[in-house]
Amino acid sequence: MRRRLLALICVTGSLVTGCGMLPGDHERKTVTVWLMKDSASQDFVQRFTEDFERTHDDLRLDIRVQEWTGIVEKVRAALSADSGDAPDVIEVGNTQVPLYAEGGRLVDLSLESMRDWGEDRWLPGLAEPGKDGNQQYGIPWYAASRVVIYRKDLFEQAGITSPPQTREEWLTDTEKLNSHGNQGIYLAGQDWYTLSGFIWDEGGDLAQEKDHEWRGTLDTPAALRGMDFYRRLQALGRGPVDADEEHPPQAGVFADGKVAQIIAVPGLTRSVLQRNPGLKDELGFFPVPGRTAGRPGAVFTGGSDLVIPQNTDDQFAAATVVGALTGAKWDTELARTMNYVPNKTTLAGAVASEEGVAAMAAGAAHGRATPTTPQWADVEADNPIKEYMTRVLGGADPATEARRASRKITEALETDLG
């Protein structure tokens with residue numbers, strides 16, 4: 001049984017620099033947590049630490065902030081370290097979980113997920129990448145997803161009184177907006193994350209697993225329908241067909257005016273307003289429309305999961321920290337503090353007062369992530385989806401180009417399979 005001792009607050013890394021000692025504190029169990037830079041504010045971490053150590057007086061937290069650059073190799077090295085020399089809890093990108101779950105290096109948290117943590121209410125775009133078969137390794141923490149950011153003044157000028165509710169309404173409204181020198185929408189030709197949502201909405205996928213083998217599936221009828229919708233929408237603006245949303249950065253294009261809509265995370269508006277403060281009262285948000293009213297479209301869901309390395313020397317203590325961070329109290333507090341989407345659909349009301357975050361939450365309820373295979377990183381390294389999109393938008397036959405891209409995806413997913 002753990003001995004109960006006096007509370008001590010000590011957050012390390014770039015968050016809090018001071019750490020005092022109290023008599024007998026050396027007997028208190030320390031849980032080392034790696035969080036990524038800018039995932040949580042210093043104030044949030046300090047408040048969480050104080051509350052956690054007050055209510056768990058046999059544990060103390062050592063929270064260390066990590067940089068995203070080089071994190072994959074750093075985490076892999078930590079997972080291979082001797083017990084006691086590695087962190088007990090690690091924040092990882094939701095799509096990174098398959099990279100780390102290989103070789104049995106993460107703790108299976110399926111029991112806790114079902115019994116204590118309400119897995120049936122988790123956002124699918126966070127939960128699914130954290131799972132391998134029936135085993136849950138990544139526990140959803142927070143999410144962010146794309147929404148439509150729009151100019152209220154340009155909508156009003158076009159006679160559009162409310163955001164579209166369906167994809168067909170969206171096309172009709174965007175065509176109205178694409179007049180008088182304005183672009184109805186700025187959508188770069190290689191924005192493959194946005195394309196992914198349209199494909200998922202049609203019931204397709206980028207790749208699927210069958211008999212333990214992954215194959216590209218851009219050539220299925222459902223995926224081709226998703227690409228066709230992307231083509232129709234992209235044509236209602238002047239986005240380059242041979243570049244993605246960062247070339248040039250779409251925030252700058254939107255800020256320069258004459259663009260009615262972009263598809264991006266709400267936080268992008270900070271960059272827009274830095275460049276054009278005059279748009280402060282003109283920007284609005286709505287979820288990416290779906291095929292039918294009342295159900296937003298599927299979107300790529302980014303964000304973070306928490307994992308526990310197999311080499312931790314106290315799985316119970318580590319799970320206690322994960323449970324607290326991802327529980328309703330502190331997950332909601334994180335979402336409010338950082339303008340994230342909470343990890344459960346039932347917590348969406350906590351961010352309803354923020355228009356952009358509320359739009360994210362509506363979309364994230366139907367969100368997805370990239371295929372849950374470690375080899376997906378090889379696909380993105382030389383992304384054939386981008387080339388496919390450019391060719392189709394340039395007038396090439398979609399079915400032919402989809403078959404070509406699917407073969408390249410399959411080849412990349414076979415890499416390192418042995």
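## Basis of the description

Because the model is predicted, local features are described only where pLDDT is at least 70 and side-chain atom pairs only at pLDDT 80 or more, whereas totals for chains, interfaces and linings use all residues. Residues are numbered from 1 along each chain as its sequence is written, and side-chain values use heavy atoms, with hydrogens and water left out.

## The six-stranded sheet

Six strands make an open sheet with mixed pairing, in the order β2-β1-β3-β12-β6-β13. Strands (E, at least two residues) and helices (H or I, at least four) are DSSP runs numbered from the N terminus, and two strands count as paired if DSSP finds at least two bridges between them. The edges are held by β2 and β13 (341-342), each of which has a single partner strand, so one side of each is left without a neighbour in the sheet.

Strands β1 and β2 are joined in the parallel sense by eight bridges, and Thr-32 has Asp-62 as its bridge partner in β2. Six of the eight residues of β1 are buried, so this strand is largely enclosed by the rest of the structure; here buried means under 20% relative accessible area, exposed means over 50%, and partly exposed lies in between, with a 1.4 Å probe and protein chains only. Elsewhere in the sheet, β6 and β12 run antiparallel and are joined by six bridges, with Ser-304 in β12 as the bridge partner of Tyr-142.

Helix α2 (residues 71-79) has Ile-71, Val-75, Ala-78 and Leu-79 buried. These residues cover an arc of only 100° around the axis, which puts them on the same side of α2; the arc is that of the directions from the helix axis to the C-beta atoms. The buried residues of α2 pack against β1 (29-36), β2 (59-66), β3 (89-93) and α3 (97-101), where contact means heavy atoms within 4.5 Å.

Leu-59 lies in strand β2 and is buried, with a relative accessible area of 3%. Although Leu-59 and Arg-28 are 31 residues apart in sequence, their C-alpha atoms are 5.8 Å apart in space.

Four bridges join β7 (residues 147-151) to β11, and Val-148 has Phe-286 as its bridge partner in β11.

Strands β8 (residues 207-210) and β9 pair in the antiparallel sense over four bridges, and in their hairpin, which has two residues between the strands, Asp-211 takes a positive phi near 55°.

## Pocket and cavities

The largest pocket holds about 1300 Å³ of space and is lined by 42 residues, of which Ala-144, Ser-145, Val-265, Gly-267 and Tyr-340 lie nearest its centre. The largest share of this lining, four residues, comes from α14. On a 1 Å grid over the protein atoms alone, a pocket is an open set of points with protein on both sides within 12 Å along at least five of seven lines, a cavity is a set where a 1.4 Å probe fits but cannot get out, and lining residues have an atom within 4 Å of a point. Grid points are joined across faces, edges and corners, and a volume is the space filled by probe spheres set on the points.

There are two cavities of 30 Å³ or more, and the largest cavity has a volume of about 70 Å³. Helix α8 (residues 192-201) gives the most to the lining of the largest cavity, with four residues, and the lining residues include Arg-146, Ile-263 and Phe-300.

## Ile-409 in helix α17

Ile-409 has its place in helix α17 (residues 398-414) and is buried, with a relative accessible area of 0%. Leaving aside neighbours within four places in sequence, the contacts of Ile-409 include Leu-206, Ala-207, Gly-216 and Trp-376.
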